[in-house]
Amino acid sequence: METHHHHAHTAHHHHGPVVHEPAADADAAYRRAFEDARPDPGRRVIPVELEAREIDWQFVPGTTTRAWGYNGQVPGPTIEAHVGDVLEIRFTNRLPQPTNTHWHGLRVPAAMDGTEMVQRSVAPGETFVYRFRLPDAGTFWYHPHSNETVQLEMGLYGALIVRGDDEPQLDVERVLVLDDVRLDPSGQVASFGGIVEHHDGREGDTRLVNGKAEPVLTVAAGQIERWRVINASSARYIRLSIGGTPFKILGTDGGLIEAPVTVTEVLLATADRVDLAVGPFGEGQEIAVEALQYLRRTIRKRKTERFATVRVGAAQPSRARIPERLRTIAPLASPSTPPNRTVELGVKLSLRRMVDFVVNRERHHQDKPVKAGELQVWDVVNKTLMDHPFHLHGFFFQVLSVNGEPPPWRSWEDVVNVPPRATVRIAWLPDNRPGSWMYHCHILEHHASGMMGHFDVVS
Ligand SMILES: [Cu+2]
């Protein structure tokens, strides 16, 4: 069997679909990861059955759409667990094409990352078992890492919630998975492709919360809710506003931040998550949950658009208690720490597509290895005129600076927006999980075009 290095090298000379193969030692690494996944004392192994298949789904009430879902629904079932638990997920593919399952944001062994680099695709009719321990509390999600532009748009994604021992106490918890879907006049998912979609990424005019178009959320007056919000859309940036009322940010991609931050809006690039404390509201209020206009230099512009409506019902007593300190996050490096690597997000002229989206001037860039235990300080440089959400698999990073300015608070992230012509400096510490990893733009069409890099973590 050829090595993945060889494939990655040949990949960008092809002009057809890029096909990667897992490394020759993938089966041994998988078996080792499977056996090493043990729950912490007092914690458990949680079995999950997950099946991807075609379904009839009503994104819009009264309109039946042929969609793809996990366990017959969009989003798939919310997987809930506690830090130190082990998930054992028996995944079966009933789709008409190969797929796999990526555990977005989870610090799993490389062999369980669910990409085409670390496992063979799960063919139609096949089952693949993922098994890994959950080291971190937070709001995560799962989705295919194969033909993503189609498979996610068709409805394949779901939330994965991991709770810690010391969670803030709120009255109600909701998981809100935001997405948009492009439906044709007959109510079916519109055909894929075209220059605008390739450039902008695919956006749809049907805005979904938990698989339903613009639902009503009923909230009790006087209560404060925890909203775990996930942006599962292919390309849409969501500048989230709750009727302009203030709310608190409690956490981001990699769990709680150090202290709640009060804002009136928050930007979720694709694949981003935030945990919010929302409310209290007064009885009878009706509030629009909207994405405010965000211009990311696309060909098609969007206005402010509604995702849901909050309707405030009768008052209920509140037991919410949000501490002033949520946790401590030790800084990995100072904002002035010089970078040891530059990742350049760019475009390159293409005969087929006008432009390809690239990293360090090549499609599907093969980057240098990273040594476990050695601090990584990377400059992610956006040479283009569009925003790109940079996603690192399997490891959290801290944002040290954006164009030299430190961010307003410290956090753990696996996605960061890189604005046009901007430099975002990140720091991360690779722990000893050797194997093939990747980073990429999470606008799915840009990723598919080649805006990604492969690298190994070596012991
Ligand atoms: Cu991009």
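Predicted model: local features only at pLDDT ≥ 70, side-chain atom pairs only at ≥ 80, totals over all residues.
Residues are numbered from 1 along each chain as its sequence is written, and side-chain values use heavy atoms, with hydrogens and water left out.

Histidine 388 belongs to strand S26 (residues 388-392) and cysteine 441 to strand S30 (residues 435-441); the pair lies 53 residues apart and links distant parts of the chain. Strands (E, at least two residues) and helices (H or I, at least four) are DSSP runs numbered from the N terminus. Histidine 388 and cysteine 441 are both buried, where buried means under 20% relative accessible area, exposed over 50% and partly exposed in between (1.4 Å probe, protein chains only).

Next, select Leu87, Ile89, Trp103, Leu106, Tyr130, Phe132 and Leu160. Of the 55 residues in the largest nonpolar core, these touch the most other members. Such a core is a set of buried Ala, Val, Leu, Ile, Met, Phe, Trp, Tyr and Cys residues joined through side-chain atoms within 4.5 Å. Strand S1 (residues 45-60) supplies the largest share of this core, 7 residues. A separate core of 35 residues includes Val219, Ile238, Ile242 and Leu268.

Centre on leucine 160. Not counting residues up to four places away in sequence, leucine 160 touches residues including Ile79, Leu87, Trp103, Leu106 and Phe140; contact means heavy atoms within 4.5 Å.

Move to glutamine 119, in the loop between strand S5 (102-104) and strand S6 (127-133). Is glutamine 119 buried or exposed? Its relative accessibility is 4%, so glutamine 119 counts as buried. The side chains of glutamine 119 and tyrosine 130 are joined by a polar contact of 2.7 Å. A polar contact is a pair of N or O atoms within 3.5 Å; within protein, one must be able to donate a hydrogen and the other to accept it, and residues adjacent in sequence count only if both atoms are side-chain atoms.

Now show S6. Because 5 of the 7 residues of S6 are buried, this strand is largely enclosed by the rest of the structure. S6 runs antiparallel to strand S4 (residues 86-93), joined by 7 bridges, and glutamate 88 stands opposite arginine 131 in S6. Two strands pair if DSSP finds at least two bridges between them.

For an open sheet of 4 strands, display S3-S8-S7-S5, in that order and with mixed pairing. Strand S3 (79-82) and S5 are the edge strands, each pairing on one side only. S3 and strand S8 (residues 158-163) pair in the parallel sense over 4 bridges, and histidine 82 has arginine 163 in S8 as its bridge partner.

Finish at strand S10 (residues 206-209). Thr206 and Leu208 point one way, Arg207 and Val209 the other, and all are buried. S10 runs antiparallel to strand S9 (residues 172-181) over 4 bridges and to strand S11 (residues 212-213) over 2 bridges. In the hairpin of S10 and S11, with 2 residues between the strands, asparagine 210 takes a positive phi near 50°.
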